[in-house]
2 protein chains.
Amino acid sequence: MSPRNILLLSNSTIHGSGYLEWAAQYIKEFLISNDVTRVLFVPYALRKMDDYAETAHKKFTSWGFELDSIHSAENPVAAVNKAEAIFIGGGNSFQLLKSLYDNNLIEAIRKRVLLEGIPYIGSSAGTNVATVSISTTNDMPIVYPPSFSALALVPFNINPHYIDADPSSTHMGETREGRINQYHEIPDAPPVLGLREGSLLHVTGQSAVLKGLHSARLFRPGKLPEEFPLGTDFSFLLN
Amino acid sequence: MSPRNILLLSNSTIHGSGYLEWAAQYIKEFLISNDVTRVLFVPYALRKMDDYAETAHKKFTSWGFELDSIHSAENPVAAVNKAEAIFIGGGNSFQLLKSLYDNNLIEAIRKRVLLEGIPYIGSSAGTNVATVSISTTNDMPIVYPPSFSALALVPFNINPHYIDADPSSTHMGETREGRINQYHEIPDAPPVLGLREGSLLHVTGQSAVLKGLHSARLFRPGKLPEEFPLGTDFSFLLN
Ligand SMILES: [Ca+2]
Ligand SMILES: [Ca+2]
């Protein structure tokens, strides 16, 4: 059994609230209960990495944690190998995944999280890359990664920022649900959990509990989508 | 100078109207003025290709044209080589582009359209693949194409189904404009024309005129986005 300790956030900021504020209590408890004092931040999903690291640094130090950004490390793999915990922030999933591959971090992070159980926090694109693949990202393919396969810290996919169709809209582009259904026409595509803004999945070993503000929508190939309330244990997706 | 004859539609169906109906007059005139009687349809952007070809067949025959679907051809390259005109429909841009590569059609279509000037109609994903790359698609990356580079029938990118930010929305996922701006942080990214639903670009040689129902929004690296009215000749983007 994997000793995993993972917090997968749909997004960083909800309307009318500051950066990560909606998830502050979850993140602090998660880090404290795992005896973490220092977090390794991965800002690869945005291009202005100095600014991004500064934003994350301010927030985490205000909560009483130290934070180093991997983009300032001389050897990113070594930084992962000695990290107490990893936080991968949002931005563009293609750029993030490409940078993880370019810096040889896929296997390094997998090993630390899946075998050694160091805490992993992902938000938005950082949640996409924690799953089987980035095939259910909402981002534009602004750079070409060597694969869409991702860290596979969990054996399913997530659609962050999941949003219901607006019945009053006259826009004809595919709905989010329609896009996920297209994905499920691909043979062997995994389940997709639609995680609404202000929601997170807390994975501990073989449990995966929905927390935050909203129910989640689960899509499985050949089945109708299903709503699951807060507090649901999605451990059945981990088998 | 390329003899190109290209009609790039933002989308196939607008709210409250039938398949391709909003563009019927443009498509008919385009085909008739180019002496086309028979169209080669490319249904690769959807997986249910028989159904998709049937929908297109019904519409084009109702307008008085013959239509063959490339997915029924024994040799897709030969079908392109003898086509009078090509219509590539919408769906998923990743799946469409991958199928074009898998069937060795990129160079074949480029040659027919750019050198021999056969009429090309694209809609939605069929418009994305006509541009430099699919980097400004709205679709999910459900399959992995060998490249994001596309047919490059025009030397810029298009964002089909372009939609303005809704000021009343509380959703925090990136706006369409924000996503295009992220793309423009990538070195050497080309201009992006945001084509709203119910709009098309009619390219004839060195002219590229905006037609249909709405103004378009042009994004260029390092510049503020600009609105251009119906009737604008975007020939400056062709140089
Ligand atoms: Ca994003
Ligand atoms: Ca589409």
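Modeller: Let us begin with a definition: buried area is the accessible area, taken with a 1.4 Å probe, that two parts lose on being put together, summed over both. The model before us is predicted.

Colleague: How much area do chain A and chain B bury between them?

Modeller: The size of an interface is often given as the accessible area lost when the parts come together. Here chain A and chain B bury about 3,600 Å² between them, and 61% of it lies on carbon and sulfur atoms. In terms of contacts, 43 residues of chain A meet 43 residues of chain B.

Colleague: How many salt bridges are counted between chain A and chain B?

Modeller: The count is two salt bridges. One pairs A:Asp139 with B:Arg179, whose closest N and O atoms are 3.0 Å apart.

Colleague: Which element of chain A supplies the largest share of the side that touches chain B?

Modeller: Helix 7 of chain A does, with five residues. Helix 4 (93-102), strand 6 (157-162) and helix 7 (176-183) of chain A each supply at least two residues of that side.

Colleague: Why is strand 6 of chain B described as largely enclosed by the rest of the structure?

Modeller: Six of the six residues of this strand (residues 157-162) are buried, so strand 6 of chain B is largely enclosed. Four bridges join strand 6 to strand 7 (residues 192-196) of chain B, and the two run parallel. From strand 6 the chain passes through helix 7 (residues 176-183) of chain B to strand 7, a right-handed β-α-β crossover.

Conventions. Residues are numbered from 1 along each chain as its sequence is written. Chains are lettered from A and ligands numbered from 1 in the order in which they are written. This is a predicted model: local features need pLDDT of at least 70, side-chain atom pairs count only at pLDDT 80 or more; totals for chains, interfaces and linings use all residues. Side-chain values use heavy atoms; hydrogens and water are left out. Buried means under 20% relative accessible area, exposed over 50%, partly exposed in between (1.4 Å probe, protein chains only). Two strands pair if DSSP finds at least two bridges between them. A crossover is right-handed if, with the strands pointing away from the viewer, the path from the first strand over the helix to the second runs clockwise. Contact means heavy atoms within 4.5 Å. A salt bridge is a side-chain nitrogen of Lys or Arg within 4 Å of a carboxyl oxygen of Asp or Glu.
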